[in-house]
Amino acid sequence: MQWDDLRVFLAVARAESLSGAGRGLKLDPATVGRRVLRLEQDVGVTLFVKTPQGYSLTSEGARLLAHAERAEQAVSQGAAEVSGQAGRLSGQIRIGAPDGCANYLLPQVCARIGHDHPGLEIQVVALPRVINLSKREADMAIAVSAPETGRQTVQKITDYRLHLAASREYLQQNPGIRTLRDLRDHKLVGYIPDLIFDKELDYLAELEAEHAEFGSNSVSVQFNFVRAGAGVGIVHSFAMPSADNLEPVLADEFTLKRSFYLIRHADDRKVERLNRFAELLVSGVRQEVERLESAT
């Protein structure tokens, strides 16, 4: 088994395609395919299965992945020590996150981590659904509820708050809102009910509202609906500083508290590179939520 073939294996597992892996490795897809085939012949098992969505790891491939990542870490650490860069993180790390977190928290947090560790390539996958770590869609994921099944490790990151908000223009042009009952005379912004992927996101149920006149499966789209004056919506406190025309509505009467959790595959507990990155990520998200919420 050659390290260069393991490096190609890691690239395909992360990109889920020969062409995607080839772009990162600066190799043509045919060469990437031959390297994967050579590795499969060396280990005597099939590592990938081709699906309409791309190249997915087999169970044997998933087991090899953890060992390959440890080998990658050892190579990176060795290179760092030789070059005098010991202690620096390097390589690609992919984080899955709900789009509210991905849009309003992770860019700042990851930018700071990347500044301190210039050898890192940080990818943020923002999806309005739960990231599948068992299929290696990401190295780690941030979620709004802790999973109850699966071989995963779960760490609570922090609590965060949400509240009602509307644009100044909307509030000036529509009837006043003094109680929650007054919302019946206003248009609401919220999730599309059948596309809510986690019960913690069913915010309108907290208002006992039946539907939203402006709906989306994306928190960012909802936020932009509110900012554009479409109606009243429930927004993250940490997102409020990014829109100077928004005003809290009934802040003393209605506030929601939710939590972020860091989810990792159980096999990654021994990968020191991912452990160190996870520590930086958790600390950074906590600090950023506190900073932004204190500004609202």
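Author: R7 is partly exposed, at 32% relative accessible area. Here buried means under 20% relative accessible area, exposed over 50%, and partly exposed in between (1.4 Å probe, protein chains only). R7 forms a salt bridge with D4, 2.7 Å from N to O. A salt bridge here is a side-chain nitrogen of Lys or Arg within 4 Å of a carboxyl oxygen of Asp or Glu. D4 is partly exposed too, at 25%. Both residues sit in helix α1 (residues 3–15), three residues apart, about one turn of the helix. Helices (H or I, at least four residues) and strands (E, at least two) are DSSP runs, numbered from the N terminus.

The model is predicted: local features need pLDDT of at least 70, side-chain atom pairs count only at pLDDT 80 or more, and totals for chains, interfaces and linings use all residues. Residues are numbered from 1 along each chain as its sequence is written, and side-chain values use heavy atoms, leaving out hydrogens and water.

Next, D5 pairs with R38 in a salt bridge, 2.7 Å from N to O. This pair links distant parts of the chain: D5 is in helix α1, R38 in helix α3 (residues 29–43), 33 residues apart. D5 is buried at 0%, whereas R38 is partly exposed at 31%.

E206 and R258 form another salt bridge, 3.3 Å from N to O. E206 lies in helix α8 (residues 203–206) and R258 in strand β11 (residues 255–265), so the pair ties together parts 52 residues apart in sequence. E206 is partly exposed at 42%. R258 is buried at 8%.
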